[in-house]
Amino acid sequence: MDCVDTINTENMDYCPDQENAAGISPVEIYAARVSDFLAIIEPPKLSVATTLEGAATIVGPHTFTPPKGFFKISVLPETGIVETANEGEKGSKSNRNSFGATLPGVGARNKGFVRKYQNVGMIFLVTDLNGIIHQIGSKVSPAYLSEATPSTGVKGGDVNGMPIKFEDVQAYPAPVYTGTITEFTPAV
Amino acid sequence: MFTVIQGIYYIPDLGKRIDTRTELSNEQLLELYEYKLFPFITITEKAVPFLKKQKLTDKRIASLILQAKTVEEVNLLLEVKSTKAIKTIAETKIIALES
């Protein structure tokens, strides 16, 4: 079998004066049901990508049939995280990507959100504090709710909110999305 | 002049949230048209005089031709400006679109 390697070899060097902040934006989070998309763009195949960056980037854009589109989610500041856990045996590795955050409060809208989306395949676009947009979920492996633990808190100083977590499993770590983000069009 | 698919878009690179259901100026539409990651816009024949007035450089016209989605769009851009280099790029693009 002929193995194809299209990715050029490159150095992995970094500049110490580059900004590299930890955390995600509590306001720049987009979500949509996989069933709402017209077209979902995948990262390039490893046999097509020519750079390391290109191998983990979705140029996009994902498209919808109007009025469908991404809806925005705001979360409590400094509660959100995008993580990837590389797992599996050598030769058949996969990546469990997740987005977790705490929705403010335990009101009816948050509970309705969990009720509506707890069994639904989703795609999330989550912006980190460096402005990089990470995608959780894909056409073939959507992100599903894996955790929702609403709590009023016990006493002053506790968090009153709803921690949620959505996870997918992909062949690759959560890719970077650089395309235009189409938002849903609200009914007038 | 410009035809845009109606909707609300967030363009991360430009840091702009654009609602194309509202009226946008021709300058705003030109900015969107030139942005290669915004494929929801195209031009009609009426755009040609406006684009001519903008005195776009060869490089900008060439970029627009390279990201054109139809042969008709390439031909309209050639009406805006068609130096020898631009014609060569347009010919290559038309071959790619027709293949």
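Let's start with Glu78 of chain A, which is exposed, with a relative accessible area of 83%. Keep in mind that what we're looking at is a predicted model. Glu78(A) sits in the loop between β5 and β6 of chain A, and its phi is positive, about 60°, although it is not a glycine.

Lys55(B) has a positive phi of about 50°, and it is not a glycine either. You'll find Lys55(B) in the loop between α2 (47-53) and α3 (58-66) of chain B. Its relative accessibility is 71%, so Lys55(B) counts as exposed, the cut-off being over 50%.

Back to chain A, and to two peptide bonds. The bond from Gly60(A) to Pro61(A) is cis, with omega near 0°; Pro61(A) lies in the loop between β3 (57-58) and β4 (63-64). The bond from Pro66(A) to Pro67(A) is cis too, with omega near 10°, and Pro67(A) belongs to the loop between β4 and β5 (71-73).

Now for the sheet. In which order do its four strands run? In chain A they go β6-β7-β11-β10, forming an open sheet with antiparallel pairing. β6 (81-87) and β10 (144-148) stand at the edges with a single partner strand each, so one side of each has no neighbour in the sheet. From one strand to the next, the twist averages 25°.

In this sheet, β7 (residues 94-104) and β11 (residues 161-170) are joined by ten bridges.

Finally, helix α2 (residues 108-117) of chain A lies across β7, β10 and β11, at about 25° to β11(A).

How values were computed
Residues are numbered from 1 along each chain as its sequence is written. Chains are lettered from A and ligands numbered from 1 in the order in which they are written. This is a predicted model: local features need pLDDT of at least 70, side-chain atom pairs count only at pLDDT 80 or more; totals for chains, interfaces and linings use all residues. Side-chain values use heavy atoms; hydrogens and water are left out. Two strands pair if DSSP finds at least two bridges between them. Helices (H or I, at least four residues) and strands (E, at least two) are DSSP runs, numbered from the N terminus. Axes are lines fitted to C-alpha atoms, for helices over the stretch in contact, and angles run from 0 to 180 degrees between N-to-C directions. Contact means heavy atoms within 4.5 Å. Buried means under 20% relative accessible area, exposed over 50%, partly exposed in between (1.4 Å probe, protein chains only).
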